[in-house]
Amino acid sequence: MATVLGIGRGPRGSRSAVSLPVPPALRRKRRRELSTAVGFLSPWLIGFAVFFAYPLISTVYFSFTHYDGFNAPTFVGFKNYTYILTKNADFWQAARNTVWLVVVMVALRTVFGLGIGQLIVKIRSGAGFFRTAFYLPYLAPPVAATIGFAFLFNPGTGPVNHFLGELGLPQPGWFTSPTWSKPSLVLLTLWGIGDLMVIFMASLLDVPTEQYEAASLDGANSFQRWRYVTLPNITPIIMFAVVTGVIQTMQFYTQAIVAGQVASGVVGNSGQPFQPGYPSGSTWTLPQLVYNIGFQNFDYGSACVISIILFVVAMAFTALLMRRRAGLVGED
Amino acid sequence: MSTGNPQSSAHSPERTGAPAMSDTAVQTPGDTPGSAPATVRSRSGVPSSSAAAWRRAKRQKRLEWIAVHSVAIALALIFILPFVFLFLTSVMTDSQALTTNFWPQHWVWSNYRTVFNVPGFGTWWKNTIEYAVLGTALTVLSSVPVAYALAKFRFPGRRVAMLAVISMMMLPPQVIIIPMYLFWAKQMHLDGTLWPLIIPMAFGDAYSIFLLRQFLLTIPKEYLDAAKVDGCGEVRTLLKVVLPMAKPAISAVALFQFFSCWNDYFGPQIYASDNPAAWTLSYGLQSFHGAHQTNWNMTMAATLLVMAPVIVVFFFAQKAFIEGVTLTGVKG
């Protein structure tokens, strides 16, 4: 910044004589600027300290303690880490499920979102209608959408299996089958593709038409136009979609827990025992494990270990995004 | 979105600001122009071979139109049908809802009245509206000045502040939930209420700050300079110049925040699960299904009622919404 304003602190050759009277005024101006900035930022500065920095440090601290919320925390070193990583069978199952969901959901959502975006851009008649139709499911509150899907895909009386039966196709157990529960969740998130569709649609419309014209003049066919004009132009957006998709899917929680509860027929929220990850642990995810270990077993220390694992992965992907798209942060 | 003449190719609809995308490397394949084989351009006075080519191109265009629209119609049906099935089931009798029938024998509209007799349903509405309205208002009030400072002020540490905002935005809520819960429950004694979710919104929401800042970057500096020349301080500039220009972004942020409060499941589960009087719709809906296990019709009526406000709001604010989604991914 100082270099932009052109005046350094120390004397700098011949110019120093001229700039001598300026520094006090400039310093005052800068100080005023800084205090204005702090004033505008103050709500967030408090928020950052109280709702981000403090809990983050606490999470690290608790991960090294045994704490049940009633007795004072006692330091136990890496015991919680070894417990989670070597003795807790649920952890590895939840981690495997989370990785499965991240890979499959992000890949399918990106391809499907791009496909629908491409389709919308090509539509000439009724684009408004189609755009709304594809976007609407994204708006359905996750709990409501999950309960709705649990009904549609319910093996006994659901319309989906009824249709499949009419067509003579196999009728899987969907949310009640350990093999099909995760694919069912993927279908649910593909239904809510609206956000990605809009982002891809906008980026496809931003590809300069001249580039397509130039490619056509060079005799490129439609696949080559897509490969050499569209794809390079939207690569940053694909990258954005993948990274934010990974971070979002790592947090996959509401749909998994609601689907498990509805499908298992447990009276939700009533305290009736619910086997998390129903059916047979196939929908366990790491965020559910944080909730379960922390708020059901009151083992806050071990829950914090999983929190830290989630944090490290999320920040690694955020750093990747920042490196590739420095424009999001801007220059100093 | 009005669909005009079919010739108009990918023209981006009204969009504000320059969509400065990063690397836009263009690789044009093939040989250099000049050897373009008989480009079909002029319609009048062309040789007959060229006219045939033109006709062929036209036929191909029509075929593409048919293909694109058939795929779009099929997909739109798949996207819309779940809503239709949920609705049809919601107006069935108790016994018919347990069958595989699609079409209601008797249209039991009173189901929608009956769900309000379910204990708690009215309270959940009240709580959800309170949470969403208060949360949205606080978020907008606290985030606008922060976003303005990050977009337009020059001060040391601006880049670091922006990195911190993005890190907060990407942070999975489960990472800090244990210290946060202990803070609100053990120190503030606010568990069993929604205040632990509402109060932090008075201190800026990272996602809203990020989105607003991306938009404010597109406001030309000249407007702000003109206001300063007229003797406005930063506060007056923000209120009189920036706010009116930022209306689309502010409405997008308000909508997103309203929806995220409305849809929130994890927050109420952590803080309010022990106190049904503080449940929200998203949280209560699941227990509703539990208690009315066999009554899919009632569950579907309640599910649709929970979806309805979000969808109604969307239809009134579609444009702001789409612009907001675009802003998160494409610009910057």
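User: Two residues are in contact if their C-beta atoms, placed from the backbone, lie within 7 Å. Which residues of H10(B) meet H3(B)?

Analyst: This is a predicted model, in which local features need pLDDT of at least 70, side-chain atom pairs count only at pLDDT 80 or more, and totals for chains, interfaces and linings use all residues. Residues are numbered from 1 along each chain as written, while chains are lettered from A and ligands numbered from 1 in written order. From H3(B), Thr128(B), Tyr131(B), Ala132(B), Gly135(B), Thr136(B), Thr139(B), Val140(B), Ser143(B) and Val144(B) take part. Their partners in H10(B) are Ile250(B), Val253(B), Ala254(B), Gln257(B), Phe258(B), Cys261(B) and Trp262(B).

User: How many residues of this contact between H3(B) and H10(B) are nonpolar?

Analyst: Ala, Val, Leu, Ile, Met, Phe, Trp, Tyr, Cys and Pro count as nonpolar, Asp, Glu, Lys and Arg as charged, and the others, Gly among them, as polar. The contact of H3(B) with H10(B) includes no charged residues and six polar ones. Its nonpolar residues number ten.

User: How many residues of domain 2 of chain A are in contact with domain 1 of chain A?

Analyst: An automatic or database assignment divides chain A into domain 1 (2-63) and domain 2 (88-328). The touching side of domain 1 has two nonpolar, two polar and no charged residues. Four residues of domain 1 of chain A meet residues of domain 2 of chain A, and the latter number six.

How values were computed. Helices (H or I, at least four residues) and strands (E, at least two) are DSSP runs, numbered from the N terminus.
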